[in-house]
Amino acid sequence: MNIEIKPVCADDYELAFVLTRELIEYHNLLDIFELTQERLSSLLGSGEVMSLIAYGDGAPAGIMNYFWKYTTFTGKKILYIEDLYTRSEFRGCGIGKRLIESAKAAAARNDCDSIELKCADWNCKSAGFYESLGMKQEKDWITYTLDKSLF
């Protein structure tokens, strides 16, 4: 399979939204999905969020949405992968690996300290994939969130 990874441009915003929505549907979380195509387009257009679309033999196969964080430990950036998704018919073809390789290249270009992502605790297949690439589950830190209803 010929795999091509392309940065999202304005012409791709609708496709980026469709692929992102498919990921949320895969997680069975459409009931709390509030992102609109217009909002994602605004985030992508402003550079707050970057997105790469993977194509398998010319067909849209997956997406990676990411942004920059930083760490006070080193003062360097962290590339944070918010969304990593491969359509079911393309899983096992190397799409996810190529998207992660693209993330590694972007992190290296930007002198990042690390790459981070979250994985649902039920998603053992994805966790195994991340571990096969050398990623490690964080053992020392627990993520806490404050829901918007509290501010």
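In this predicted model, α1 and α2 pack with a right-handed crossing, where right-handed means that the near helix is turned clockwise from the far one by less than a right angle, and left-handed that it is turned anticlockwise. Helices here are DSSP runs of H or I with at least four residues, strands are runs of E with at least two, and both are numbered from the N terminus. Two packed helices are described by the angle between their axes and the distance between the axes. For α1 and α2, the axes come within 9 Å and cross at roughly 115°; each axis is a line fitted to C-alpha atoms over the stretch in contact, with angles running from 0 to 180 degrees between N-to-C directions.

On the α1 side, Tyr13, Glu14, Ala16, Phe17 and Thr20 do the touching, and they meet Gln37, Leu40, Ser41, Leu44 and Gly45 of α2 (contact being heavy atoms within 4.5 Å).

The loop between α1 (13-26) and α2 (37-46) holds asparagine 28, which has a positive phi of about 55° although it is not a glycine. Asparagine 28 is exposed, at 66% relative accessible area (buried is under 20%, exposed over 50%, partly exposed in between, with a 1.4 Å probe and protein chains only). Aspartate 111, in the loop between α3 (95-109) and β5 (114-117), also isn't a glycine and has a positive phi, near 50°. Aspartate 111 is partly exposed, at 46%.

Residues are numbered from 1 along each chain as its sequence is written, and side-chain values use heavy atoms, with hydrogens and water left out. As the model is predicted, local features need pLDDT of at least 70 and side-chain atom pairs count only at pLDDT 80 or more, while totals for chains, interfaces and linings use all residues.
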